[in-house]
Amino acid sequence: MGFTRREFLVISGAVGAGIGLSSLGIDMGPARAYADSIKMDKLKTAKQTTTICPYCAVGCSIICSTDTKTNQILNTEGDPDSVINEGALCAKGAALYQTTANNPNRLKKVLYRAPNSDKWQEKSWDWALGEIAKRVKAVRDKDFIEKNAKGQVVNRLETIAHVGSAALDNEECWPLQAMMRALGLVWIEHQARI
Amino acid sequence: MSEGYSILMDTSKCTACRGCQIACKEWNQLPGVPTKNVGSYENPQDLSAATWKILRFSEGKKPEGQPFWYFFSEQCRHCMNPGCMAESEKDEIVQDEKTGAVLFTPKTKDLKYEATRKGCPFDIPRKDEKTGVLMKCTMCFDRITNNMEPACVKTCPTDALEFGPREKILDTAKKRVAELKKTYPKAAALNADDVRVIYLVTDDPKTYWKFAAGK
Amino acid sequence: MTNHWVDLKNSDCILIMGSNAASNHPISMRWVMKAKENGGKLISVDPRFTPTSAKADVYAPLRSGTDIAFLGGMIKYILDNNKYFKEYVVEYTDAPFIVGEKYDFSDGLFAGYNKEKRAYDKAFWAVKKDDKGVPERDPSLQNPRCVFQLLKKHYERYTPEKVSEITGTPVPDLLKVYETYAATGEKGKAGTIMYAMGWTQHTVGVQNIRAMSIIQLLLGNIGVAGGGVNALRGESNVQGSTDAALLFHIIPGYLPAPNESLPTLAEYNKKLTPKSADPRSANWWQNRPKYVASLLKAYFGDAATPDNEFGYTWLPKLDAGQNCSWLNLFDAMYNGKIKGFFAWGQNPACSSANANKVRAGLAKLDWLVNVNIFENETGSFWKAPGMDPKKIKTEVFMLPCAASVEKEGSITNSGRLAQWRYKAANAPGKAKPDGDIMYELMNKIRELYKKDKGKFPEPILNLKWDYADDKGHFDAHKVAKQVNGYFLKDITLKDPTGKDLNFKKGDLVPSFAFLQADGSTSCGNWIYCNSYTNAGNMMARRKKDDPTGLGLYPQWAWCWPVNRRILYNRASVDLNGQPWNPQKAVIKWVDGKWVGDVPDGPWPPMADKEKGRYPFIMKPEGFGASFGPGLNDGPFPEHYEPLECPVPKNAMSAQFINPTIKIFAGDMDKHLTCDPRYPFVATTYRVTEHWQTGLMTRWQPWLVEAQPQNFVEMSEELAKMRGIKNGEKVKVSSARGEVVAVAIVTTRFRPFKLGEVTVHQVGLPWCFGWIAPKDGGESSNLLTPNVGDPNTMIPESKAFMVNVIKA
Amino acid sequence: MSDPTPQDAGTSKIADEIERIKRETPSVANIVEAFEDLLFARERIKEEIEEADSEAAATFDPAQLSQGIPAVGRAGFTIPPDRLKDAYFRLAPTMTKGFPGIRPQLEVLEQAINDGLLDLEAAIEHLLADRQNEVDRIARAAKVKPDILSFVLGQIVRPFVEKQAEHIGSALSGVQWDKGYCPVCGSWPSLSLIKGKEGRRWLKCSFCGHEWTHLRTACPFCDNEDSETMEYFYAEKRETERVEVCHKCKRYVLSLDMRERLDQSISSATSLGLVHLDIIAQEKGFVPGAATDWNVLEK
């Protein structure tokens, strides 16, 4: 059991400190004016969050600094506290910044390509997920196999397949497989197989 | 002149990640250029007005038949007595008193390009075809005069690049050479007395890069 | 990894084979270099001299696809020169087991082979058991039918000269590697292996790794600090997604997927729960019924009751022998048997072997859902070069998702360490976290089934699907807790010392030791039980205490199982629980309890004849297995040539290729061996600047500038023969496709001397694709063969035959 | 006392720092000027302390550190009684010069000391043992305002404490310490420094000046690790000077990102250049995790 500081010491700052600058007779005007000018339009607020690099599976920790007003990621850097990478990063990890919203090539819209079309159309989430759901149900209702050729109950669906997701979080992988299995899918595969 | 600064590039620690090459471009706001692979990992292929630092890859066979693959992060050596300055008469090229950095000013557009380039024992100067100004590594002059390490040094993940007061770097180089000599009899610090950017090699310098130790 | 990244520093000798860690797992080299600084040796074995080789003490080349020959030679070297760790081998491995009379091996084939079925009857490989059902053992290792003697006999043929004739490795190089690595058989020394796809992507992939596992068991290198068998996984969460069973053959926690022969939960448990007659075997999998019941409760919540077998019947069942793995999936797709397809965070149009077949398959779908952060060759396959959109009916839904820093959750690294990551910013534009996408999609499907019943709606409507927060957004914490598991009623259980522990309904289960088979606990994945407890989110921990000094950091994040940092750590100590290497003690028995890492079970050391347990607790009999009677292609690794190879026969036996592989025979499944049109061995790999298919990195200008185009590396000799100059564009072709690439003529590839024959090898990265950058070239997976390992079906992308000519 | 050409390493470091602050942040120049002579004088006293004197610092049991107990605590520092008066008389004029607001009080204090009405040694012992009541009692007995006495005593002890902490601190290298308070004396940090190529965070003790490493992403004062309830502020184009705040405990610590600096050490003057950030943080309702000589603005 470790002690907390509060159990053995109650003083907070440096001993003896605690006379106000103004009481010392120091004119706080210039400093306050400067502080005010920063607050007017130059004050930035940021938060730091830790993340784990999305590339290889070494599991390097990275600190992201995000402007809390604009929600823009300002900087990414190796996390010096990580026991694995101790602040170091490879060229890809160091360029993590370029996978964020700062990269103009990121996909930002739901796109749909109609049969035999040669172009994308922009769609809403609601439309796209609704249409996918309809297609899933239509295929499943038509092709669901309750019994196999030998008459054994198998309750599976062989005409929809799923691959991928080694880049997702554990908390996404789990519901994803639960959902696919609930639909009856057996073609469930991902990066580990190749 | 004061003692100034130096950079040490320890080739034995480099794993060719090219972070230095990219960091140089990012800090100096040099454009990325469309490149082609021409039969090497080395890219872009040469120094230019837009590329002041290149990781040179060099390979071959050792006498006993084993292959080698050497990595050499090439840049201006910031010579103690810069050959490029022979052409400079009116401060086109200056050597900073405090840091020792050799700097090309915009006036270099008036210099004879070929002669200036020839004067450099390491073949570093390049001309910006649009402006006529000669360009090269500045030792990150804007950083080191603001108490910051050069961008390439800062980014290196294996500590193959080191920056500091010249005396300290010379001392580090000496110790490291002694250490490396135990395994590699040819280990050496290249032109340590004459340049500020000192390369530690474990083999004949020419196997790293044709101008590693000068023309 | 049985061990973990930081632990590499504890090694006396690191063998990197089937991996180029310096380029592909760069930060691992931080710990490799620390081992070197401490006097450890680094060995690199690779067909090509890589950046890893450039930092190695010992380098040896070998022809792609001949690792078993190389390693078999090492097994022989270890046995012939008595380099094995005898005490470990006798006490902790199956070396003393007596193998049954029916087992035999002759000229490349094991007993029990059925030529028509291209399969073995594994009953021929059973070990002998006494009348109680316990394996018979000869601790003297002298019995000619004991595993040790059979192993010796099996690898008798793998002389350095024979191995060299197969691998092309010069004999002195072979011996140098053998000698250096075998030195770790000394008590107290540790050697480790770092491997990656260079071992798995072969028709003998599993046996490559088994060969090394045998070496590690012989040298006593498993369970110790600086040892183990370490797969370097290539994707940030491929470990976690495998644990979560995004694979056809398992359900979460490595439980076998149900099949037709297991129609009820009772039968599933009866047939799949291993038994051991030996009271000293922990046989951990005897707990399987608890894990299955708890998983079903996590799937179906209150709807899962004892009366409906906790919903077991709602799970899909495979037919016996039905293999729904990757290559079969795309074969079915190509043959028009699949209508709808989700490619979720993956780019099979570039990542799959024989990618042309995949692309053709995509065109036969009715609809494709592609979820990704960048446009890619899969979602946009219909506009690829050579495709006519007008003729392609496939509808495509391209869903933009959040990048790693735009959502919260955990990922599990190669060392089984689950680390929490936080959301730094919102995803750009309309992009959404994957969790929200799947959550909303399933809600829409459920609505449809609620409205209009449809086929077999039970699993869909009964699925527990309540993972949103108050604002309706996907909540990773809710899932993490579900995966850890809950007590579903008030319950009193006993701790290992027999003390009563009271749990309340709704408590998080503190460890899988408390999971129940009667439905009173839920747990989405038993190996993650203990990751999120009443004490909080263990995966988010960032404390750096290191009591052992070995870099285990027990309070940094959380490691499965039960925060054990080194697997099989009971093998790191002697029978009295004292470490083989007292300076690097992973665990130690002190005053009646274990100190150090979380031990592999609470039992006392083996010297306690009654309570002690064998260290390999996941094996039914408790021993590390050199003899593998459960694999499809034989109990001992044997050298076979790759499906496509440069030699007309196998120098080791009359059996040319692995006799149990599945060979596809459709019009796009071509493979040609020893065909003069494709005379060169080829392999694929990656570069530092790009990741996997390059999907993420090819959109980043600085990385593209440094590595702009597909290339092919070849020896000077080959280039001369073909009149190819360095930097010229060449055409690389295989039976399946061709790519144009820039020739890199290099001394780092050397022709292999196989006896009198000279064989050339080339290599290409597989990180390019047509979509970006411009003129970057195509995926090298257009060349690779769609043939897989008989156990895993992982394709043989690392050894195939090509031709190279000037473009 | 106001020797304009300081020669020793510590004083020249302070001089450089002061010069830099005045150049970069002229708005705080008058504050710097008020303190500069005091800082120089303190540094000179520190430089004159014999090594042997400070090596005799209290011994400690390294095992207690693993339980979160600091090596010596404040009471473990020893101030040689024979040096006290000398120190006082060297520091007093710099305060008189710099702090016109308390000049009358300083005069009262000086008188009391001269008259033998105030026992400096006893007062300091109480101060280090955290017996503030006793310190205040001594002050009142000598008719000195208690906070003035404490302030002055704090100045006197600082050179000795810092010197001893250097010795104790070097004995602590390699010891695991993940607390937000100082492993030497248990005081809270006044500065958070991001240093080195890898960017580790070092906390600097507000009392003894010792530096120790700490998680970048945790609040030193309440161990909060929730990134949603912590932030940092900085002025545009001055990204390396920050205030790190915790919304949970409402405290803040000043922070300097020194990674790109060649010189990785700071001086006692460094945080003077950040007073404008103290102002902003306090106006936003945050309290300094540790009170220092110049982060109490009004009182």
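**A loop glycine and other backbone features**

Reply: In this predicted model, A:Gly87 sits in the loop of chain A that runs between strand S3 (73-78) and helix H2 (91-94). Its relative accessible area is 15%, so A:Gly87 counts as buried, the limit being under 20%. Setting aside neighbours within four places in sequence, A:Gly87 is in contact with A:Gly78, A:Asp79 and A:Pro80, and also with D:Glu198 of chain D. A:Ser61 is 26 residues away from A:Gly87 along the chain, and the two C-alpha atoms are separated by 7.7 Å.

A:Asn71 is not a glycine, yet its phi is positive, about 60°. Most residues other than glycine have a negative phi, and most peptide bonds are trans. With a relative accessible area of 28%, A:Asn71 is partly exposed, because the value falls between the 20% and 50% limits.

Chain C has a positive phi as well: that of C:Phe310, a residue other than glycine, is near 55°. C:Phe310 is placed in the loop between helix H13 (288-300) and helix H14 (326-334) of chain C. Here the relative accessible area is 6%, so C:Phe310 is buried.

Two peptide bonds in chain C also call for a check. C:Trp560 and C:Pro561 are joined by a cis peptide bond with omega about -10°. C:Pro561 belongs to the loop between strand S23 (558-559) and strand S24 (587-590). Another cis peptide bond, with omega about -10°, links C:Ala772 to C:Pro773. The loop that contains C:Pro773 lies between strand S32 (761-765) and strand S33 (800-806).

For chain B, the description is at the level of the whole chain. Chain B has 5 helices and 10 strands. Its radius of gyration is 17 Å, which agrees with the value near 17 Å for a compact globule of 215 residues. Along the principal axes, the C-alpha atoms fill a box of roughly 50 × 40 × 30 Å. Of the 215 residues in chain B, 56% are buried. Among contacts in chain B with a separation of 6 or more, 58% come from residues 24 or more positions apart. The accessible surface of chain B is about 9500 Å², and carbon and sulfur atoms hold 53% of that area. Chain B carries 34 positive and 30 negative charges, whose mean positions are 3 Å apart.

Key:
Residues numbered from 1 in each chain as written. Chains lettered and ligands numbered in written order. Predicted model: local features only at pLDDT ≥ 70, side-chain atom pairs only at ≥ 80, totals over all residues. Heavy atoms only, no water. Helix = DSSP H or I, 4+ residues; strand = E, 2+ residues; numbered from the N terminus. Buried < 20%, exposed > 50% of the residue type's maximum accessible area, 1.4 Å probe, protein only. Contact = heavy atoms within 4.5 Å. Rg over C-alpha atoms; globule rule 2.2 N^0.38 Å. Areas by Shrake-Rupley, 256 points an atom, 1.4 Å probe, with all protein chains shown as cover. Lys, Arg positive; Asp, Glu negative; His and termini not counted. Charge placed at Lys NZ, Arg CZ, Asp CG, Glu CD.
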